[in-house]
Amino acid sequence: HFTSSNQSKRSKDISLAVQQALGSGEESNQCRSCGLEKLFFEAPSLYCGTCGVRIKRNQVHYVSPAASSGSGEVTKQLFCLPCYNDIKGDVVELQGVSVPKAKLEKRKNDEEQLEEAWVECDKCQSWHHQICVMFNGRRNEGE
């Protein structure tokens, strides 16, 4: 009974859409199931692709440009700061491809949190977090 919101939008856009949809007399954009406005995913752990150490929160690391494998899978290599500093020369070899060290993007492990997607009930038009109503987008696609 639920229709998914556009998941490619950022959390602010989704919250705004929910708030606008609830605009008919509703005071906030709370989930009708849990009562919370925002529900965030746990941030994924990042690991160095060279030494395997976990890249801690707020730690600087480097990311390679996206590379496609033979199976069509797109991957990015992460380097912790010590492994990045240990790279000798100006070129790094990644999956058989030479990548200039200067092309590795410097990042800090403080990425913004991802908000749980919203779904709208087809019957009562109320809004809920997907997880709160156990919405399965893959199962819903064929309907």
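**Exercise 1.** Which residues does Val92 touch, not counting residues up to four places away in sequence?

Solution. This is a predicted model, in which local features need pLDDT of at least 70, side-chain atom pairs count only at pLDDT 80 or more, and totals for chains, interfaces and linings use all residues. Residues are numbered from 1 along each chain as its sequence is written, and side-chain values use heavy atoms, with hydrogens and water left out. Contact means heavy atoms within 4.5 Å. On that basis Val92 touches Phe79, Ile87, Val97, Ser98 and Val99.

**Exercise 2.** Find the residues of the largest nonpolar core.

Solution. A nonpolar core is a set of buried Ala, Val, Leu, Ile, Met, Phe, Trp, Tyr and Cys residues joined through side-chain atoms within 4.5 Å. Buried means under 20% relative accessible area, exposed over 50%, and partly exposed in between (1.4 Å probe, protein chains only). The largest such core has eight residues: Tyr62, Phe79, Tyr84, Ile87, Val92, Leu94, Val99 and Leu104.

**Exercise 3.** Give the strand order of the open sheet.

Solution. Strands are DSSP runs (E, at least two residues), numbered from the N terminus, and two strands pair if DSSP finds at least two bridges between them. The order is β7-β4-β10, with antiparallel pairing. β7 (78–80) and β10 (105–108) each have a single partner strand, so one side of each lacks a neighbour in the sheet. Strand β4 (residues 60–63) pairs with β10 over four bridges; Val63 has Glu105 in β10 as its bridge partner.

**Exercise 4.** How many disulfides does the structure hold?

Solution. A disulfide is a pair of cysteine sulfur atoms within 2.5 Å. The structure holds zero. For Cys31, the nearest cysteine sulfur, that of Cys34, is 3.8 Å away.
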